[in-house]
Amino acid sequence: KRVAIVGCPFSGGQPKPGVDKGPIHLVEAGLPDQLRELGWEVTFDGHHQFEEISTLDDPPIGILKNPRQVSKVCEAVAKTVEGHAKDGQLPLTLGGDHSLAMGTISGTLSQYPNACVVWIDAHADINTASTTESGNIHGMPVSFLLGLDATIPEFAWVKPKLTTDRIVYIGLRDVDAGEKRILRENGIKAFSMHEVDKYGIGKVVEMALDHVNPKRDLPIHLSFDVDALDPTVAPSTGTPVRGGLTFREGHYICEAIYETGCLVALDLMEVNPSLADAEAVKQTVAVGCSLVRSALGETLL
Ligand SMILES: N[C@](CCCC[B-](O)(O)O)(CCN1CCCCC1)C(=O)O
Ligand SMILES: [Mn+2]
Ligand SMILES: [Mn+2]
Ligand SMILES: [Mn+2]
């Protein structure tokens with residue numbers, strides 16, 4: 001079992017400074033050794049440096065902010081993730097904001113064209129250039145992956161290889177009007193916190209996997225935004241929304257996905273260590289590390 005940690009200190013998909021420090025905090029909390037203790041052979045070739053990209057002259061396109069930076073960083077991440085996957089390693093991407101998933105999932109789909117995506121988030125991250133109200137591209141990666149919008153030239157490298165029947169959401173509770181319309185019109189399966197309350201997390205994960213991976217024979221890319229968790233559980237994140245997943249519900253999802261034996265790629269996104277007091281940051285980082293361990297085989301018994 002080999003895992004390659006891809007540290008992505010990137011914050012260009014959203015306005016709050018600090019989320020680029022997420023990877024270093026997760027690594028310095030000991031994540032690589034924690035995974036080695038689980039039996040993984042861990043490679044970590046240092047955090048990606050995006051300096052040359054960030055000096056780019058990058059005026060908004062429409063209201064989209066830092067478009068060229070986001071595009072170039074995601075393109076680099078896609079190549080890195082594809083390379084690790086080709087080499088038989090499970091890419092573990094540590095963010096950094098969730099716009100990076102445009103890169104990670106593109107990389108996964110290059111190596112595993114039949115992969116399905118399990119997206120854990122308070123948000124749908126499926127705004128198009130015409131529906132976004134913020135212009136923050138971390139609220140848009142899924143629309144690019146599905147090819148929902150007319151291709152923006154700066155994002156021409158993103159091939160719409162994901163299909164609407166191959167993604168499922170768990171944890172939604174802050175979905176914009178435009179996104180609700182997109183989800184409905186495209187028949188995209190989403191289990192909001194209402195369904196989590198109604199059925200319980202065990203049944204929700206079973207139904208989610210039955211939808212995107214009925215025979216449990218497709219590779220799974222798990223993209224986990226820590227703001228899916230309740231802010232009392234993961235306070236140090238850029239877009240916290242009350243009424244989220246409990247510590248155990250978040251871990252159950254990771255444990256159940258590992259149990260399928262289908263996991264091929266994992267993103268742990270939106271840990272921003274500069275948004276809370278030291279104790280709350282430490283808690284958020286520790287929860288992030290714990291979720292990753294659960295997704296990579298740590299069990300309670
Ligand atoms: N949907 C939002 C939030 C995106 C969060 C991205 B994630 O999940 O990676 O953290 C929110 C837009 N919202 C519209 C109404 C006014 C407040 C902001 C957006 O900016 O598009
Ligand atoms: Mn997100
Ligand atoms: Mn989110
Ligand atoms: Mn977020």
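Tutor: Start with a pair of metals. The manganese ion (ligand 2) and the manganese ion (ligand 3) are 3.3 Å apart, and aspartate 121 coordinates both. This is a predicted model, where local features need pLDDT of at least 70, side-chain atom pairs count only at pLDDT 80 or more, and totals for chains, interfaces and linings use all residues. Residues are numbered from 1 along each chain as its sequence is written, chains are lettered from A and ligands numbered from 1 in the order in which they are written, and side-chain values use heavy atoms, with hydrogens and water left out.

Student: Which residues coordinate the manganese ion (ligand 2)?

Tutor: Donors are N, O and S atoms within 2.8 Å of the metal (3.2 Å for Na, K and Ca); water is not among the atoms, so sites may look incomplete. Here His98 (ND1), Asp121 (OD), Asp125 (OD) and Asp225 (OD) coordinate the ion at 2.1 to 2.2 Å. Their spacing in sequence is H-x22-D-x3-D-x99-D. Histidine 98 sits in the loop between strand S3 (90-94) and helix H5 (101-111), and aspartate 125 in the loop between strand S4 (116-120) and helix H6 (141-146), 27 residues apart. Helices (H or I, at least four residues) and strands (E, at least two) are DSSP runs, numbered from the N terminus.

Student: Are histidine 98 and aspartate 125 buried or exposed?

Tutor: Buried means under 20% relative accessible area, exposed over 50%, partly exposed in between (1.4 Å probe, protein chains only). Histidine 98 is buried at 0%. Aspartate 125 is buried at 4%.

Student: What is the geometry of the site of the manganese ion (ligand 2)?

Tutor: Ideal angles are 109.5 degrees for four tetrahedral donors, and 90 or 180 degrees for six octahedral ones. This site has six donor atoms with angles of 60 to 173°, and is irregular. Six donors count as octahedral if opposite donors are over 155 degrees apart and all others between 65 and 115; four count as square planar on those limits, or as tetrahedral if all angles lie between 85 and 135 degrees; anything else is irregular.

Student: Which residues coordinate the manganese ion (ligand 4)?

Tutor: Asp227 (OD) and Thr239 (OG1) do, at 2.3 to 2.7 Å. Both residues lie in the loop between strand S7 (220-225) and helix H10 (247-260), so the pair ties together parts that are 12 residues apart in sequence. Aspartate 227 is buried, at 1%, whereas threonine 239 is partly exposed, at 28%. This ion and the manganese ion (ligand 2) are 4.7 Å apart.
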